[in-house]
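Here is a short briefing for a first look at this structure. Keep the sequence and the 3D view at hand while reading.

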Amino acid sequence: MVHRIEHVAVIGSGTMGGAIAAHFANAGLPVVLLDIVPNKLTAEEEKKKLTLSHPAVRNRIVNAGLEAVKKAKPAALFTPQTVDRITVGNLEDNFDRLREADLILEAIVENLGIKRQLMERIDAVRQSDCIVTTNTSGIPIGAIAEGRSESFQAHFLGTHFFNPPRYLKLLEVIPSVQTSPEVVAEVKGFGERVLGKGVVICKDRPNFVANRIGTFGGLLTMHYAIENGFAVNEVDDITGPVIGHPKTATFRLMDLVGNDIFLHVSDNLYEAVPEDEARAELRAPDALREMVKNGWLGNKSKQGFYKQTRTASGREYQVLDLNTLEYKPQEKKAYDSVTNAEMLESLPERLRYLMTQNDRGAQFIWYTTARLLSYSSHRVPEIADDIVSVDNAMKWGFANELGPFESWDVLGVAETVARMEKDGISVAPWVKEMLATGHPTFYKDGFYYDLTAKDYRRIPRDQNIIVLRDQKVIKSNDNASLLDLGDGVACLEFHTKMNSLDEGIIEIAATALEEVNKNYVGLVVGNQGEHFSAGANVMTVGLAAENKEWDKIDQASKALQDFNMAMRYSPKPVVAAPFGYTLGGGCEVAMSAAHVVAHAESYVGLVEVGMGLIPAGGGCKELLRRVGSPAMQTPNVDPLPFLQRVFETIGMAKVATSAEEAKQMGFFSANDRVVMNRDYMLAGAKQAVLEMVAEGYSAPARGKLIYVMGERGLAALRIAIYSMVQAGYISEYDAKVGDRLARVLCGGDLTAPTWVDEQYVLDLEREAFVALCGEDKTRERIWHFLSTGKPLRN
């Protein structure tokens with residue numbers, strides 16, 4: 001299609017409308033956000049003697065929605081400045097602004113009549129090719145567009161975002177019978193490329209895909225817990241990470257979503273699907289109704305299934321007794337099956353093990369898992385045409401590691417079906433037909449079982465997605481690999497736990513650049529783990545410090561510095577592809593590349609001070625080079641504010657909470673690229689390498705590139721450190737670490753400001769790092785972090 005979506009309008013500034021508008025703005029789009037005009041003054045407005053015609057009153061609702069967006073936790077916006085892309089207005093004074101929109105999204109009250117009235121008004125002003133969507137979660141898409149023009153209906157469909165839209169990957173796209181296939185394709189592509197979503201095409205059926213199965217699963221779990229006397233925290237302990245679900249598990253998730261919302265969705269579904277074979281499970285328990293009646297809505301009312309209370313020993317979270325509806329302290333209940341499963345590293349191993357056990361915890365997991373698999377099988381093709389869509393919806397919408405059909409494969413389809421039927425659990429006929437015709441699994445070597453073809457079909461794959469496990473291995477060890485991405489581009493992949501940097505990674509990294517310089521045009525540094533890199537292997541540092549192996553610590557730091565410098569001055573372009581945690585040494589690796597193609601959700605920072613250390617892989621040097629030194633090219637500029645900024649960024653372990661914020665903080669450069677969809681990162685990084693080669697890339701020139709202030713800067717920072725100790729903001733040992741950091745940033749023993757080369761600062765970094773490793777309190781912090789995952793203030 002020629003049509004391009006460049007201007008967006010969102011109608012409705014409530015929780016979802018405001019958050020969706022924020023995410024459009026995150027994607028770089030100008031957004032018009034409209035809401036209704038109030039029909040009554042507030043007490044504050046009356047006190048100010050305002051009238052209903054005053055602009056502040058007429059935009060009160062939309063302004064309140066925008067303020068909620070600004071204050072949202074977790075943040076809805078990539079940076080505070082992102083909100084400047086959003087223009088607010090109301091549906092009476094500013095309705096004509098919709099004429100300029102390429103896409104109009106409706107997120108108003110779930111009332112069919114009100115939605116139809118709004119669509120009639122939109123139909124009268126929209127451009128002929130403007131796409132109109134609804135974020136409804138329960139009203140049939142076709143019913144909302146009923147009576148509208150032919151052009152409107154061809155350009156109308158559902159776009160169901162999951163909350164919070166910035167963080168959850170799923171976007172369900174629901175066409176009606178009248179929706180043009182070209183419009184569906186356009187919205188799908190827009191969702192994937194521009195918004196970074198995983199798009200699932202759904203049937204226009206109640207609750208679509210993810211919420212249809214997710215609602216059933218939540219209600220099933222609640223019913224079983226009530227009937228069998230399981231405590232709220234007990235259920236969450238066995239329905240979380242051990243079975244591949246997030247830590248929010250079941251009841252924490254309901255508290256997060258809002259118990260009133262969950263009840264509303266459940267009631268709507270129950271009424272809408274009288275033919276559902278499992279409809280009895282879709283009736284919400286009386287306990288949930290009573291909770292909503294009492295205002296126990298979850299996080300937003302500060303009590304739901306959990307309630308924070310104060311006790312003599314501090315704060316604690318009490319849990320609701322699902323039978324008495326009284327709050328009581330949590331009692332930890334452990335089951336051997338769950339405890340043993342948690343010791344197994346891979347999810348398939350855990351699931352298979354749990355299904356062989358028979359204690360109370362394992363019985364709970366089997367009961368709920370078997371019925372969820374059964375329900376999922378009966379919903380295809382009702383809610384989606386294929387099992388891939390169902391699995392993706394559950395993974396992207398609920399952050400589950402596996403979808404239901406993927407889980408079923410892990411457990412063994414034939415064995416599980418036999419056990420289910422023995423327990424009286426029905427399985428969809430197509431599953432039994434699949435098994436009977438010699439198709440033992442739902443998935444097989446990149447293919448999935450297609451109900452229509454009654455055979456395996458290749459899973460569709462976007463040509464812009466590179467899968468590293470499919471690439472040719474050049475060289476590899478247990479911790480890292482050098483891969484061939486094709487077209488003369490290689491990829492350095494980390495694959496340790498949390499991709500923490502260790503000797504194995506440095507070993508491959510050291511030879512990677514030699515190989516690339518000989519046989520390739522450039523290098524991508526990236527992986528497809530959970531995070532880019534959480535930094536150096538802290539355990540290795542802690543053990544070396546405990547054993548007083550100072551030379552070993554110095555050599556390890558020098559090896560990381562040398563690799564980063566080799567990347568920086570490589571004659572072939574090196575592009576880093578960071579995402580997720582890009583911390584400590586991981587941040588230093590990314591900063592050393594010639595260019596960065598980062599996922600929007602990158603959390604970037606130099607956090608070593610939390611363990612009583614400072615960055616020693618080039619982080620101090622790089623922030624000085626990026627933040628302070630460019631400004632000093634201008635005569636008569638005071639360097640102190642730039643030095644203070646670098647000192648605070650490192651000394652306070654500040655972490656950018658988005659790639660855009662990482663640019664503002666100096667971790668990434670202004671011309672580095674941000675990709676909304678992580679699936680496209682490696683292809684984007686590879687393309688960046690090829691573009692740099694085509695443009696005649698050459699390595700930067702070496703020289704004295706770092707401006708340091710010497711003793712004047714050191715004195716200023718020491719005064720700041722002293723003041724923070726006196727005010728109680730930092731401990732005496734924090735001050736000692738801060739003094740070491742200040743000395744590095746100011747150039748060591750230099751008395752006057754001067755320009756120094758990079759190696760000068762790198763040597764100071766290592767010297768300070770090794771010295772701090774020799775401190776008892778640093779080692780105490782390291783072991784505390786390793787045992788608790790939290791920093792220690794000592």
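A residue counts as buried under 20% relative accessible area, as exposed over 50%, and as partly exposed in between. Leu-786 has 32% relative accessibility, so it counts as partly exposed. Keep in mind that this is a predicted model. The points below go by topic.

- Leu-786 sits in helix α32, which covers residues 776–788.
- Together with Met-539 and Leu-543, Leu-786 makes a nonpolar surface patch.
- The area of this patch is about 240 Å².

**Glu-648 and its surroundings**
- Glu-648 belongs to helix α26, residues 640–651.
- Its relative accessibility is 38%, so Glu-648 also counts as partly exposed.
- Beyond its neighbours within four places in sequence, Glu-648 is in contact with Ala-653 and Lys-654.
- Glu-648 and Gly-738 are 90 residues apart along the chain, and their C-alpha atoms are separated by 9.7 Å.

- Strands of a sheet pair through backbone hydrogen bonds, either parallel or antiparallel.
- Here, three strands form an open sheet with mixed pairing, in the order β20-β22-β23.
- Its edge strands are β20 (580–583) and β23 (655–656), and each of them pairs on one side only.
- Helix α24, residues 585–592, packs on the sheet and touches β20 and β22.
- The direction of α24 makes about 85 degrees with that of β20.
- Strand β22 (residues 602–605) pairs with β23 in the antiparallel sense, over two bridges.
- Gly-605 has Val-655 in β23 as its bridge partner.

**The β15–β16 hairpin**
- Strands β15 (residues 472–476) and β16 (residues 480–486) run antiparallel and are joined by four bridges.
- Opposite Lys-475 stands Leu-482 in β16.
- Three residues make up the hairpin link from β15 to β16.

- Strands β9 (residues 306–311) and β10 (residues 314–320) run antiparallel, with six bridges between them.
- Lys-307 has Gln-318 in β10 as its bridge partner.
- The hairpin from β9 to β10 passes through two residues.
- β10 also pairs with strand β11 (residues 327–328), in the antiparallel sense and over two bridges.
- Leu-320 is bridged to Tyr-327 in β11.
- The hairpin of β10 and β11 has six residues between the strands, and Leu-325 in this hairpin takes a positive phi near 55 degrees.

Key: Residues numbered from 1 in each chain as written. Predicted model: local features only at pLDDT ≥ 70, side-chain atom pairs only at ≥ 80, totals over all residues. Heavy atoms only, no water. Patch = residues over 30% accessible without salt bridge, like charges linked within 9 Å, V, L, I, M, F, W, Y side chains within 5 Å. Areas by Shrake-Rupley, 256 points an atom, 1.4 Å probe, with all protein chains shown as cover. Salt bridge = Lys/Arg side-chain N within 4 Å of Asp/Glu carboxyl O. Buried < 20%, exposed > 50% of the residue type's maximum accessible area, 1.4 Å probe, protein only. Pairing = 2+ DSSP bridges. Contact = heavy atoms within 4.5 Å. Axes fitted to C-alpha atoms, helices over the stretch in contact; angles between N-to-C directions.
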